[in-house]
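Work through the exercises below with the sequence and the model open. Each task is followed by its solution in steps.

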Amino acid sequence: MTTLLVIAKEPRPGRVKTRLTPPFTPEEAAALAEAALADTLDTVARTPARRRVLVLDGTPGPWLPPGFEVVPQCAGGLDERLAAAFAACTGPSLLIGMDTPQVTPELLTVDFADCDAYFGPAEDGGFWALGLAEPDPSILRGVPMSTPHTGAAQRARLTGLRVRDLPVLRDVDTAHDAHLVAEAAPGGRFATRLTELTATGHR
């Protein structure tokens, strides 16, 4: 079975989803981040896995369901933190972030038979998922993160491997993204929280 990794920040105002401000306040942006994280962790909890690991920048809160190991993120850039997450794994591992609350157990149930890697591109040019049959931190180190070309650069690192591509998903970065993601997963905590917040303002 696969190890499922979620890399995330503790949803604290001013530290998460800063591009949602404005139109949302830092407190509202953090509430949306918490809902996205809770939806993501719930999906991972419902996905068959050998281990479920939350790689966290911060402290766990009531949004953390049972069944997860929590490990702190290492210091350094995002490429180093992702590399370290894989370095702590043995065997097939799939890593996702907290920005795609529309993800489903079906998307995360991957089969590494005749496959070396999985890659999930994001609409903003990044990637929302990376799976490796044999975790190799060097595949991530040095990849420029948070650019429109991050996904292409990371995908290029998989050259020579047998790769299965996952569907393109939208990350929640802006208010526009938030509304489109909520429409894609209308029954989740994220969509519910967004509806609550937009009902009290003009967003």
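**Exercise 1. A side chain and a backbone oxygen**

Task: find which backbone oxygen the side chain of Gln-102 reaches, and at what distance.

Solution. Step 1: the side chain of Gln-102 reaches the backbone oxygen of Arg-170 at 3.0 Å. A polar contact is a pair of N or O atoms within 3.5 Å; within protein, one must be able to donate a hydrogen and the other to accept it, and residues adjacent in sequence count only if both atoms are side-chain atoms. The model is predicted: local features need pLDDT of at least 70, side-chain atom pairs count only at pLDDT 80 or more, and totals for chains, interfaces and linings use all residues. Residues are numbered from 1 along each chain as its sequence is written, and side-chain values use heavy atoms, with hydrogens and water left out.

Step 1: Gln-102 is in the loop between strand S4 (93-96) and helix H3 (105-108). Helices (H or I, at least four residues) and strands (E, at least two) are DSSP runs, numbered from the N terminus.

Step 2: check the surroundings. Setting aside neighbours within four places in sequence, Gln-102 is in contact (heavy atoms within 4.5 Å) with Leu-169, Arg-170, Val-181, Ala-184 and Ala-185. Gln-102 counts as buried because its relative accessibility is 12%. Buried means under 20% relative accessible area, exposed over 50%, and partly exposed in between (1.4 Å probe, protein chains only).

**Exercise 2. The buried residues of a helix**

Task: list the buried residues of helix H2 (residues 78-87) and name elements that cover them.

Solution. Step 1: the buried residues of H2 are Asp-79, Arg-81, Leu-82, Ala-83, Ala-85 and Phe-86. Step 2: an α-helix has 3.6 residues a turn, so residues three or four places apart point the same way. Step 3: the cover over the buried residues of H2 includes S1, strand S2 (51-57), S4 and strand S6 (127-132).

**Exercise 3. Backbone geometry**

Task: find which peptide bonds at Pro-22 are cis, and give the phi values of Asp-114 and Ser-146.

Solution. Step 1: most residues other than glycine have a negative phi, and most peptide bonds are trans. Step 2: a cis bond joins Thr-21 and Pro-22, with omega about -15 degrees. The bond from Pro-22 to Pro-23 is also cis, with omega near 10 degrees. Pro-22 is in the loop between S1 and helix H1 (26-45), and Pro-23 is placed in the loop between S1 and H1.

Step 1: Asp-114 has a positive phi, near 55 degrees. Asp-114 belongs to the loop between H3 and strand S5 (117-121) and is exposed, at 64% relative accessible area. Step 4: Ser-146 has a positive phi of about 60 degrees. Ser-146 lies in the loop between S6 and helix H4 (150-156) and is exposed, at 73%.

**Exercise 4. The whole chain**

Task: state how many helices and strands the chain has, and compare its radius of gyration with that of a compact globule.

Solution. Step 1: the chain has six helices and seven strands, in the order β-α-β-β-α-β-α-β-β-α-β-α-α from the N terminus. Step 2: a compact globule of 203 residues would have a radius of gyration near 17 Å, and the 16 Å of the chain agrees with this. The radius is taken over C-alpha atoms, and the globule rule is 2.2 Å times the number of residues to the power 0.38. Step 3: of the 203 residues, 49% count as buried.
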